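Student: I would like to learn how to read the place where two chains meet. Could you walk me through it?

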Amino acid sequence: MTLLPPTPSQTVGPFFGHALPYEGGGDLVPAGHPGAISVHGYVRDGNGDAVPDALLEFWQPGTGLGRVATGADGHWSVRTAPPPAARPYLPVCVFARGLMHHLFTRAYIGPAAAAGGLLAAVPEERRSTLIARPEGDGTYRFDIRLQGEKETVFLDFHG
Amino acid sequence: MTGPVAGWGIPSQERITAEIAAAHGSAVKPEHHPRRDFAPYRSSVLRHPHRAPVPVGDPDAAERTAPVLGTRDVRAGDADLTRQHPGEPLGERITVTGRVLDRAGRPVRGQLVEVWQANAAGRYAHERDRHPAPLDPNFTGVGRCRTDDEGRYAFTTIRPGAYPWRNHVNAWRPAHIHFSVFGTAFAQRLVTQMYFPGDPLFPYDPILQAVTDPAARARLVAAYDHALSRPEWSLGYRWDIVLDGPAATLPGPEETS
């Protein structure tokens, strides 16, 4: 079958702030949800500088969609349910001014994250970029580095 | 002369145009998507990964399912950007419509389509837009709708203006409408920009030109469709959107709460 050629991506640009983020966009589960966890981190560029105009989306089947913009310091935060053992990760999609085509990555969370799957296929020295680091009290740290040293592992679903 | 002058670290249009030509000349095969590493667009320099993305073949990947937004989040009237304020916005009233399809040509049904754009003077209703063009109190420039059973979306709005930016001296973005589209899989997610046919700014714009294949660039340009124009009311444009990436391998998209 001949496939239709896809519509090319274009950058989200700098001026999405009044259009895409919405109230409660970081709440995949409501406050007080039993067992809820907090996942947060910073988005940084190839110089290690904060990316203050990134937009992140999170999709957890059965839980919900999250959408948050980074702050002036590049920080973001979402509240969600712990991912299931069968899929011990939080899918992340990164948009930003300067980024012509969004990037997918995953925040692996919890003890099941150590087992096999994608993590085993990633070179050991880069694996830690996919693992959300527990900080206690149900809080996990997941930084996204777009380029350079400790560059985050990004994913391709088109192959 | 009110703007910056080339030579103090701010490149000229000639320099950017030459860089675009060199990048296009080095493209060995047509590529559907823009290059993330496209230096003529200066903001991309520190914001593209150096490493190739890692392929994920897992058929059970969470990214092969998708949320369905919209039942709760889209209100009647959200698709008409000219009726969000007490008065009518200034500018040329247009309708933009088309279908959202996957690469097999199947319609993407009941999914959220979001748009945002500058006003007719080329100014965004965004606090960080400093372009000295007037804001329009009757235009926010944000809309949303859900696709119908044929994958069709439709917006009524005004034609946005071109606007200056600081990528290089005398840099102007061609008029465009930003689109955000969900498919049947999260991996089909698309954010892009729709342009208007015949815009003389196309060759100067490193964002459009980051798509190095002319045929792919043409897919970002809407067609004027006289049959869509309404007498003494609005001009019509047609633009279909084809989502890349794997369709859902699991039953239909999940409804979010």
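Student: How many residues of chain A are in contact with chain B, and how many of chain B with chain A?

Tutor: Keep in mind as we go that this is a predicted model. Here, 62 residues of chain A are in contact with 71 residues of chain B.

Student: How much area do chain A and chain B bury between them?

Tutor: They bury about 6100 Å², and 61% of it lies on carbon and sulfur atoms. Three residues, A:Q10, A:F15 and A:W59, supply 13% of the area that chain A buries against chain B, more than any other three residues.

Student: How many salt bridges does the rule find across the interface?

Tutor: For a salt bridge, look for a side-chain nitrogen of Lys or Arg within 4 Å of a carboxyl oxygen of Asp or Glu. Across this interface the rule finds four. A salt bridge joins the side chains of A:E57 and B:R189, with N to O at 2.5 Å.

Student: Which element gives the most residues to the side of chain A that touches chain B?

Tutor: That is β5(A), with five residues. By class, this side of chain A has 34 nonpolar, 18 polar and ten charged residues.

Student: Which strand of chain B is joined to β10(A), and do they run parallel or antiparallel?

Tutor: Two bridges join β10(A) to β1 of chain B, residues 54-55, and the strands run parallel. To find the spot, look for A:D156, which stands opposite B:P55 in β1(B).

Key. Residues are numbered from 1 along each chain as its sequence is written. Chains are lettered from A and ligands numbered from 1 in the order in which they are written. This is a predicted model: local features need pLDDT of at least 70, side-chain atom pairs count only at pLDDT 80 or more; totals for chains, interfaces and linings use all residues. Side-chain values use heavy atoms; hydrogens and water are left out. Contact means heavy atoms within 4.5 Å. Buried area is the accessible area (1.4 Å probe) that two parts lose on being put together, summed over both. Helices (H or I, at least four residues) and strands (E, at least two) are DSSP runs, numbered from the N terminus. Ala, Val, Leu, Ile, Met, Phe, Trp, Tyr, Cys and Pro count as nonpolar, Asp, Glu, Lys and Arg as charged, and the others, Gly among them, as polar. Two strands pair if DSSP finds at least two bridges between them.
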